[in-house]
Amino acid sequence: MAYSQILFEADEHGIALITVNRPEKLNALSGSLVAELRDAFERVAGESAIRAAIVTGAGDKAFVAGADIKELAALSAIEARQYALRGQQAFRLLETLGKPSVAAVNGYALGGGLELAMACTVRFASENARLGQPEVKLGIIPGYGGTQRLPRLVGRGRALELLLSGEAVTAAEAHRIGLVNAVVPQAELLGHSRSWLHKVMANAPLALGLVLESVDVGLDIGLEAGMRFEAAAFGISAATEDRREGTRAFLEKRSPAFAGK
Ligand code: COA
């Protein structure tokens with residue numbers, strides 16, 4: 001697919017940088033832009049040379065200022081449901097890539113923008129970022145997973161505070177409540193995101209995938225079944241060449257060279 005509203009570039013380390021590129025509309029997500037994102041996430045999932053992704057917004061003002069309100073205003077109930085489902089599916093794909101992803105939140109992350117950030121593995125924010133779910137101010141509710149992921153990330157009380165007030169919080173407050181993992185100066189945001197990914201990518205790739213999957217599955221199936229899933233995944237990790245290399249390298253007092261096998 002040729003992209004007109006996002007940019008996609010993969011670097012030599014296997015990090016795909018996906019930039020929502022509609023700065024004149026503060027990177028608002030049109031339906032066609034969400035389709036481009038979906039295609040980009042499929043590329044990240046499918047290309048073995050790509051090992052991680054960073055999602056960010058073009059310009060220095062917005063990550064993504066929400067779904068496109070002009071489009072939303074014209075949707076019938078049936079169309080709105082489809083619109084929500086398509087966005088949910090795209091973001092779920094991002095969440096279940098089996099590879100780590102970073103939301104580099106470089107400004108406003110509102111509505112669908114915060115929902116996009118929450119589907120990433122971690123969120124790093126620039127100092128000017130503002131994050132919120134303002135949908136109730138527009139007479140609607142979040143439709144790209146906000147009512148589900150926000151309470152999982154920050155707890156029910158804080159999630160409801162944000163969802164019901166529609167007010168945005170500062171980057172510092174988002175950090176305090178665990179909505180973002182770190183706050184850094186805007187000029188350092190991509191560098192910080194890349195260096196975190198480099199640290200993660202030095203670890204065994206199959207183990208990373210199994211951790212991501214175990215946490216994702218475990219959060220939905222409860223402790224008992226989650227533990228069983230973890231034990232099975234642990235068993236799979238023990239069958240990898242990377243396990244042999246990782247344990248041997250430790251015993252031989254050297255750095256491991258993981259093959260992802
Ligand atoms: N959908 C469509 N267009 C949007 C948008 C959105 N979610 N957010 C911003 N834009 C557009 C504006 O309409 C404006 O377009 P125009 O220049 O053609 O008039 C442009 O982006 C710049 O936005 P503007 O509102 O002028 O910038 P600002 O600095 O004054 O305010 C915000 C920034 C983020 C506070 C404000 O744009 C805003 O409240 N946006 C909507 C946020 C929202 O409710 N998102 C959830 C949607 S479900």
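How many residue pairs are in polar contact between domain 1 and domain 2? Keep that in mind while you colour the two parts; what you are looking at is a predicted model.

Stop 1: Where they meet, domain 1 brings 11 residues to the contact and domain 2 brings six.

**Stop 2: the contact between them.** Here is the answer to the opening question: two residue pairs are in polar contact, both at pLDDT 80 or more. To see the domain 1 side, select helix H3 (77–95) and helix H8 (189–201), the elements that each give two or more residues to it. That side is made up of five charged, three polar and three nonpolar residues. About 610 Å² is buried between the two domains, with carbon and sulfur atoms giving 56% of that area.

**Stop 3: a salt bridge.** Two salt bridges are counted between domain 1 and domain 2. Now show the side chains of arginine 92 and aspartate 216: they meet in a salt bridge, at 2.7 Å from N to O.

**Stop 4: a hairpin.** Next, select strand E1 (residues 6–10) and strand E2 (residues 15–20), which run antiparallel and are joined by five bridges. Look for alanine 10, with alanine 16 of E2 standing opposite. Four residues lie between the strands of this hairpin, and in the turn you will find glycine 14, with a positive phi of about 90°.

Technical notes: Residues are numbered from 1 along each chain as its sequence is written. This is a predicted model: local features need pLDDT of at least 70, side-chain atom pairs count only at pLDDT 80 or more; totals for chains, interfaces and linings use all residues. Side-chain values use heavy atoms; hydrogens and water are left out. Contact means heavy atoms within 4.5 Å. Buried area is the accessible area (1.4 Å probe) that two parts lose on being put together, summed over both. A salt bridge is a side-chain nitrogen of Lys or Arg within 4 Å of a carboxyl oxygen of Asp or Glu. A polar contact is a pair of N or O atoms within 3.5 Å; within protein, one must be able to donate a hydrogen and the other to accept it, and residues adjacent in sequence count only if both atoms are side-chain atoms. Ala, Val, Leu, Ile, Met, Phe, Trp, Tyr, Cys and Pro count as nonpolar, Asp, Glu, Lys and Arg as charged, and the others, Gly among them, as polar. Two strands pair if DSSP finds at least two bridges between them.
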